[in-house]
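Dear colleague,

Please find below the structure for your review. A summary of the findings follows it.

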Amino acid sequence: LHDSKYYGKLWRTILSGKVWNGEFLNRKKDGDTYWEKAIISPVFNEQKKITHFLAIKENITEQKMAEAALLQSEERHRIISELISDFVYRFELDGSHDYELNWTSGAFKRITGYSVRDINDMGNKWLYIIHPEDKERIIEQFSQHLDDENAIRSEYRIITKDGKTKWLSDYIKPIYDENNENIVAILGAVQDITA
């Protein structure tokens, strides 16, 4: 089921005395197909002439199916995150209460005007774009309730990259380490409630 170029490269490799590594979509006697990973090596006689080829093969059908399902899932989530009008974000914490925005969905830039890199390049990170009149209240609210296992909801204004003021409704949830002792990240879901 592969084209002649694929097999041509394989044969050129092993006939030149080199080892070939690759994958085949192969067919069983009953007609079913399966994926196999193969290493094919030439075997030489005492005169250094190729007399045989040795192939070591492994059935990787399940691995290929899992990879395809993962790619399909990632693509589906990418499309959803680009289409929804709200945005989701994740901050990673380093233990010193310093944090880095490491992921947002597509609407983040549409709503704020900022990219993830813009936010991380700022000294005060996300707090930089919160409206000055709301900053102190939000910091206090988050520090009082961040250890709660329940999501925290807050409303505040931001100043977008182009200088506009927008109102956001933000639900945040702390993510704990495997021992459930320390907060390692914060997940948030934000809705633009300006209108």
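Predicted model: local features only at pLDDT ≥ 70, side-chain atom pairs only at ≥ 80, totals over all residues.

The protein has five helices and eight strands, arranged along the sequence as α-β-β-β-α-β-β-α-α-α-β-β-β. Of its 195 residues, 31% are buried. The accessible surface amounts to about 13,200 Å², and carbon and sulfur atoms contribute 51% of it.

Eight aromatic pairs are present in the structure. One of them joins Trp11 and Phe53 edge-to-face, with 5.6 Å between the centres and 85 degrees between the planes. This pair links helix α1 (residues 4-15), which holds Trp11, to strand β3 (residues 50-59), which holds Phe53, across 42 residues. Trp11 is partly exposed at 43% relative accessibility, and Phe53 is partly exposed at 34%.

Phe87 and Phe108 also form an edge-to-face pair, at 5.0 Å centre to centre and 85 degrees between the planes. Phe87 belongs to strand β4 (residues 87-93) and Phe108 to helix α3 (residues 107-112), 21 residues apart. Phe87 is buried, with a relative accessible area of 1%; Phe108 is likewise buried, at 1%.

The charged end of Lys64 lies over the ring of Trp35, 4.6 Å from the ring centre.

Finally, Ser154 is located in strand β6 (residues 152-159). Ser154 counts as buried because its relative accessible area is 3%, under the 20% cut-off. Leaving aside residues up to four places away in sequence, Ser154 touches Ile138, Gln141, Phe142, Leu168, Ser169 and Asp170.

With kind regards

Note on methods:
Residues numbered from 1 in each chain as written. Heavy atoms only, no water. Helix = DSSP H or I, 4+ residues; strand = E, 2+ residues; numbered from the N terminus. Buried < 20%, exposed > 50% of the residue type's maximum accessible area, 1.4 Å probe, protein only. Areas by Shrake-Rupley, 256 points an atom, 1.4 Å probe, with all protein chains shown as cover. Contact = heavy atoms within 4.5 Å. Phe/Tyr/Trp six-rings, centres within 6.5 Å; stacked < 30°, edge-to-face > 60°. Lys NZ or Arg CZ within 6 Å of the ring centre and 35° of its normal.
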